[in-house]
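Have the sequence and the 3D view open as you read.

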Amino acid sequence: MEVVIVKDAKAGGELIADGIADLLRRKPDALLGVATGSTPIPIYDALTAQVRAGSVDASRARIAQLDEYVGLPAGHPESYRSTVLRQVVEPLGLPADHFMGPDGSAEDVQAACEAYDKALVDAGGVDLQILGIGTDGHIGFNEPCSSLASRTRIKTLTEQTRVDNARFFDDDIDQVPHHVITQGIGTILEARHLVLLATGEGKAEAVAQTVEGPVAALVPASALQLHPHATVVVDEAAASKLKLADYFRHTYASKPSWQGI
Ligand SMILES: N[C@@H]1[C@@H](O)[C@H](O)[C@@H](COP(=O)(O)O)O[C@@H]1O
């Protein structure tokens, strides 16, 4: 696992966008797995800026959603489908058929989950998966004690996650769905490169447990330790509880070809 400590969220977004741009130069039709929440927005903004400036062509990129609420009406502005369309697909100017996600309004949710896992495989697998992290260490919507081998499935949100996400629903927790579909941890681990961005002091404890704690289902993001190519990008605040912070700084600063991730 590579840990990169950056000054702030903007720098983290730019670094990861540079990594995505490099990938798209090597593989123009790369499948990018995207997370939602506030944290990855600087990545999408930086990538969009690069595309608009003409420094990278993303027109063949394909986008895959990480997770979705269950039961929101179609087109709800806070469904993750709407969010990814608004923050990633439309700014990059991609056609709708370059975008895939689980169907949160399917009558047979289990069948929709299995279909999504299969669709990811049929699409050649995710090349680079962007991840955020919940304050409780979740990735996607894999809440604590999710199986580290889990596949895409329905999950029940913890009270903490619903409180955290109420800000997207007029600060009204009653509007936050209880159920979600999420790529499983086993599914996420199949992506070729995992890139987790965490910013702000509120993520410091979860980051420390993810990077320096034991691999444990209690901290789902700790599963990144099992992946051969995982990059964790954190700002100074999110790095504040890392015991090995100086080592990570030194390692990155002395990386032979240190551009990119
Ligand atoms: N399902 C999403 C996660 O993918 C995201 O990482 C997390 C943190 O969001 P934020 O970046 O807003 O703190 O929120 C939700 O739970």
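## Before you zoom in

This is a predicted model, where local features need pLDDT of at least 70 and side-chain atom pairs count only at pLDDT 80 or more, while totals for chains, interfaces and linings use all residues. Residues are numbered from 1 along each chain as its sequence is written.

The protein chain has a mean pLDDT (the predictor's confidence in each residue, from 0 to 100) of 96, and 98% of its residues reach 70 or more. The model scores are ipTM 0.98 and pTM 0.97.

## The overall build

The protein chain comes to eight helices and ten strands; these are DSSP runs numbered from the N terminus, with helices being H or I of at least four residues and strands E of at least two. Its C-alpha atoms fill a box of roughly 55 × 40 × 35 Å along the principal axes. A compact globule of 261 residues would have a radius of gyration near 18 Å, and the 17 Å of the protein chain agrees with that. That radius is taken over C-alpha atoms, and the globule rule is 2.2 Å times the number of residues to the power 0.38.

Of the 261 residues, 45% count as buried. Among contacts (C-beta atoms, placed from the backbone, within 7 Å) with a separation of 6 or more, 79% join residues 24 or more positions apart.

## Two places where the chain comes back on itself

Back to Lys7, which sits in the loop between β1 and α1 (9–26). Leaving aside neighbours within four places in sequence, Lys7 is in contact with Asp235 and Glu236. Glu236 is 229 residues away along the chain, but the two C-alpha atoms are separated by 5.9 Å.

Then there's helix α7 (residues 204–212), where Ala204, Ala206, Val207, Ala208, Thr210 and Val211 are buried. The buried residues of α7 pack against β1 (2–6), β9 (193–198) and β10 (230–235).

## The annotated residues

An unreviewed UniProt entry puts the annotation "active site" on Asp67, Asp136, His138 and Glu143. UniProt positions are in the numbering used here, feature names are shortened, and annotations may be inferred rather than shown by experiment. Asp67 is in strand β4 (residues 67–69) and counts as buried because 22 other C-beta atoms lie within 10 Å. Not counting residues up to four places away in sequence, Asp67 touches Tyr80, Gly140, Phe141, Val180, Ile181, Thr182 and Gln183.

Glu143 lies in the loop between β6 (128–131) and β7 (153–156). Glu143 is buried too, with 21 C-beta neighbours inside 10 Å.

## Around the ligand

Which residues come nearest the ligand? Of the 13 around it, those are Ala35, Gly37, Ser38, Thr39 and Gly132; a residue is near if its C-beta atom, placed from the backbone, lies within 6 Å. By class, the shell has four nonpolar, eight polar and one charged residues. Here Ala, Val, Leu, Ile, Met, Phe, Trp, Tyr, Cys and Pro count as nonpolar, Asp, Glu, Lys and Arg as charged, and the others, Gly among them, as polar.

Methods
Buried ≥ 20, exposed ≤ 12 C-beta atoms within 10 Å, placed from the backbone. Contact = placed C-beta atoms within 7 Å.
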